[in-house]
Amino acid sequence: MKLDQHYVDPRLVALYDGNNPGAEDTEFYLQLAADLEASCILDLGCGTGVLTRKLAAVAGRQVSGVDPAPSMLAHARQQPGAERVRWVEGNSSALGTPGADLAVMTGNVAQVFLDDAEWNGTLRHLHAALRPGGHLAFDSRRPEARAWEGWTRAATHERGDSIHGPLESWLEVVDVQPGRVHFVGHNVFLQTGENVVVDSELRFHSQREIADSLEEVGFTITDVYGDWQRGPVTSESRVMVFVAGRGG
Ligand SMILES: C[S@@+](CC[C@H](N)C(=O)[O-])C[C@H]1O[C@@H](n2cnc3c(N)ncnc32)[C@H](O)[C@@H]1O
């Protein structure tokens with residue numbers, strides 16, 4: 001497993017929350033956890049833990065944030081409310097069998113698993129980590145919306161501030177293959193001129209592929225939403241949000 005430098009280089013980790021403000025998705029997962037009355041919650045690929053810490057702010061909950069990137073976890077551990085979360089460095093094999101009520105993968109974590117074996121193995125670990133009747137919820141960009149067509153220098157170029165001084169950043173797509181997009185992120189720290197180039201690849205699974213892989217490991221799909229307001233998937237949807245149950 002190769003980790004994307006966005007999750008490794010502490011200078012880029014420090015910029016993550018500002019670049020990924022996510023409000024609607026956070027609200028969606030908080031409401032889902034409340035509706036399911038989930039008290040034991042796992043957040044796989046928790047990153048800097050914005051959602052993880054909000055989930056853990058509710059009294060009586062046990063929340064674990066699991067992520068293989070030490071720099072993301074180090075950042076998460078320094079934020080207010082971090083002491084209420086159990087932080088675990090690792091991938092899905094570190095989940096164990098806690099009999100959780102709810103497991104989540106947010107911020108398109110589902111797209112980091114590039115090959116089928118890794119994706120299916122992750123789903124199997126998540127299934128084993130839930131109690132019978134527990135739920136898994138996650139999001140993935142809808143391939144038909146072709147999000148990568150907006151990942152051009154012109155559309156993504158930004159000049160901002162960082163703790164290391166002014167920074168210019170942009171994305172560029174390198175290659176598009178069926179179900180996979182290879183792109184690079186440029187991050188130029190203007191004080192030194194250093195360009196930290198991040199090489200990334202994401203999987204774009206279809207709705208059918210995800211549904212089949214969930215069913216294959218024993219999940220039953222409860223809902224698939226096409227937006228953060230629990231609307232259906234339509235031809236305009238940019239995201240697919242899956243909620244699946246582990247049968248009794
Ligand atoms: C786009 S970030 C999402 C972070 C967070 N969930 C959010 O919503 O902001 C993707 C995260 O997936 C993590 N990741 C990468 N490979 C992983 C794997 N094999 N298993 C679990 N998480 C992984 C990265 O370290 C990173 O923190």
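The structure is a predicted model, in which local features need pLDDT of at least 70, side-chain atom pairs count only at pLDDT 80 or more, and totals for chains, interfaces and linings use all residues. Residues are numbered from 1 along each chain as its sequence is written, and side-chain values use heavy atoms, with hydrogens and water left out. Helices (H or I, at least four residues) and strands (E, at least two) are DSSP runs, numbered from the N terminus.

Several residues of helix 2 are buried, including Phe 28, Tyr 29 and Leu 30; buried means under 20% relative accessible area, exposed over 50%, and partly exposed in between (1.4 Å probe, protein chains only). The buried residues of helix 2 pack against strand 1, helix 3 (50–56), strand 4, strand 5, strand 10 and strand 11. Glu 37, which follows helix 2, has a positive phi, near 50°.

Among the buried residues of helix 5 are Trp 119, Leu 123 and His 127. The partners against which the buried residues of helix 5 pack include strand 1 (40–44), strand 4 (100–105) and helix 7.

Helix 5 (residues 116–129) and helix 7 (residues 207–216) meet at an angle of about 50°, and their axes are 9 Å apart. Axes are lines fitted to C-alpha atoms, for helices over the stretch in contact, and angles run from 0 to 180 degrees between N-to-C directions. Helix 5 and helix 7 are therefore oblique to each other, since angles under 35 degrees count as roughly parallel, over 145 as roughly antiparallel, 65 to 115 as roughly perpendicular and the rest as oblique. Trp 119, Asn 120 and Leu 123 of helix 5 make the contact with Ile 210, Ser 213 and Leu 214 of helix 7, contact meaning heavy atoms within 4.5 Å.

Another pair is formed by helix 1 (residues 10–19) and helix 4 (residues 70–77), which pack at about 50° with axes 10 Å apart. Helix 1 and helix 4 are therefore oblique to each other.
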